[in-house]
Amino acid sequence: MNIDDADLRLLDLLQTDASRSNQALAELAHLSPPTSLRRIKRLRDLGLIERQVALLSADRLAPLVGHGLTALLEITLERQGAEQLDAFEARAVAEAAVQQCYRVSPGPDFMLVVHVPDMPAYLALAQRLFTSDANVRNVKSFFSIKRAKFEPRLALQPVGEAVIAR
């Protein structure tokens, strides 16, 4: 699949603020509105745009729903065969409380970012994911006391004709 600088500009603009109108996106990307619309549809069809979501303000929601607990977890499995790694990953990503799941190396096998309402909810999650799995050897939990930055944005650099391989 081929993408060019105009596609990268659109992707960059969308990941910064996907609520902009097509007219505004086209103007900022230096494209005509029909071209912008057509390119964005193509980028979605190519799978470069997975989905559009709203980022909520945790601090402003806290008085209404509570702060909850955010934990970063290191998980080491007893056996690291492809089947065991896939099985744990499938269980982890199926949990609504798991916001991010990474296979990592070296060190632990997985890093998870989880958000739960309170400590009893964390305990229930830990029992479902770790205690009930005989293949989980070690879990280290680190509880967040402050989030200084959260930015899901990818740095995109226009480089002339960019080629992304599937």
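Mentor: Start with a cut-off: an angle over 145 degrees between N-to-C axis directions counts as roughly antiparallel. Keep in mind that this model is predicted.

Trainee: Why are H5 and H6 called roughly antiparallel to each other?

Mentor: Helix H5 spans residues 82-94 and helix H6 spans residues 119-131. Their axes cross at roughly 160 degrees. The cut-off is over 145, so H5 and H6 are roughly antiparallel. The two axes come within 10 Å, and the crossing is right-handed.

Trainee: Which residues of H5 meet which residues of H6?

Mentor: From H5 come Phe-88, Arg-91 and Ala-92. They meet Arg-128, Leu-129 and Phe-130 of H6. By class, this contact has 4 nonpolar and 2 charged residues, with no polar ones.

Trainee: What makes the buried residues of H6 a group on the same side?

Mentor: The buried residues are Tyr-122, Leu-125, Ala-126, Leu-129 and Phe-130. They cover an arc of only 105 degrees around the axis, which puts them on the same side of H6. Pro-120 and Thr-131 lie on the other side of H6 and are exposed.

Trainee: What covers the buried residues of H6?

Mentor: The cover includes H5 and strand S2 (69-77). S3, S4 and strand S5 (136-143) are also among the elements that cover them.

Trainee: How do you know whether Phe-110 is buried or exposed?

Mentor: Buried means under 20% relative accessible area. Phe-110 has 0%, so it is buried. The residue sits in strand S4. Leaving out residues up to four places away in sequence, Phe-110 touches a list that includes Leu-73, Ile-75, Leu-77, Leu-85, Phe-88, Cys-101, Tyr-102 and Val-104. Glu-74, Glu-89 and Arg-103 are also among the residues it touches. Glu-74 is 36 residues away from Phe-110 along the chain, yet their C-alpha atoms are separated by 5.9 Å.

Trainee: What makes H1 and H3 roughly perpendicular or roughly parallel?

Mentor: Helix H1 covers residues 5-16, and its axis crosses that of H3 at roughly 80 degrees. Values from 65 to 115 count as roughly perpendicular. That makes H1 roughly perpendicular to H3. The axes come within 10 Å.

Trainee: Which residues in H1 and H3 meet?

Mentor: H1 supplies Ala-6, Asp-7, Leu-10, Leu-11 and Leu-14. H3 supplies Ser-36, Arg-39, Ile-40, Arg-42 and Leu-43. By class, the contact has 6 nonpolar, 1 polar and 3 charged residues.

Trainee: Which residues in H1 and H2 meet?

Mentor: Arg-9, Leu-10, Leu-13 and Leu-14 of H1 meet Leu-25, Leu-28 and Ala-29 of H2. The residues of this contact divide into 6 nonpolar and 1 charged, with no polar ones.

Trainee: What makes Asp-17 count as partly exposed?

Mentor: Partly exposed lies in between the cut-offs, under 20% for buried and over 50% for exposed. Asp-17 is at 29% relative accessibility, so it counts as partly exposed. It is found in the loop between H1 and H2.

Trainee: Why does Pro-33 count as partly exposed?

Mentor: Pro-33 has 28% relative accessibility, so it counts as partly exposed. Pro-33 is found in helix H3. Beyond its neighbours within four places in sequence, it is in contact with Asn-22, Gln-23 and Ala-26.

Trainee: Which peptide bond is cis?

Mentor: The one from Ser-105 to Pro-106, with omega near -5 degrees. Pro-106 lies in the loop between strand S3 (98-103) and strand S4 (110-116).

Methods:
Residues are numbered from 1 along each chain as its sequence is written. This is a predicted model: local features need pLDDT of at least 70, side-chain atom pairs count only at pLDDT 80 or more; totals for chains, interfaces and linings use all residues. Side-chain values use heavy atoms; hydrogens and water are left out. Helices (H or I, at least four residues) and strands (E, at least two) are DSSP runs, numbered from the N terminus. Axes are lines fitted to C-alpha atoms, for helices over the stretch in contact, and angles run from 0 to 180 degrees between N-to-C directions. Angles under 35 degrees count as roughly parallel, over 145 as roughly antiparallel, 65 to 115 as roughly perpendicular and the rest as oblique. A crossing is left-handed if the near helix is turned anticlockwise from the far one by less than a right angle, and right-handed if clockwise. Contact means heavy atoms within 4.5 Å. Ala, Val, Leu, Ile, Met, Phe, Trp, Tyr, Cys and Pro count as nonpolar, Asp, Glu, Lys and Arg as charged, and the others, Gly among them, as polar. Buried means under 20% relative accessible area, exposed over 50%, partly exposed in between (1.4 Å probe, protein chains only). The arc is that of the directions from the helix axis to the C-beta atoms.
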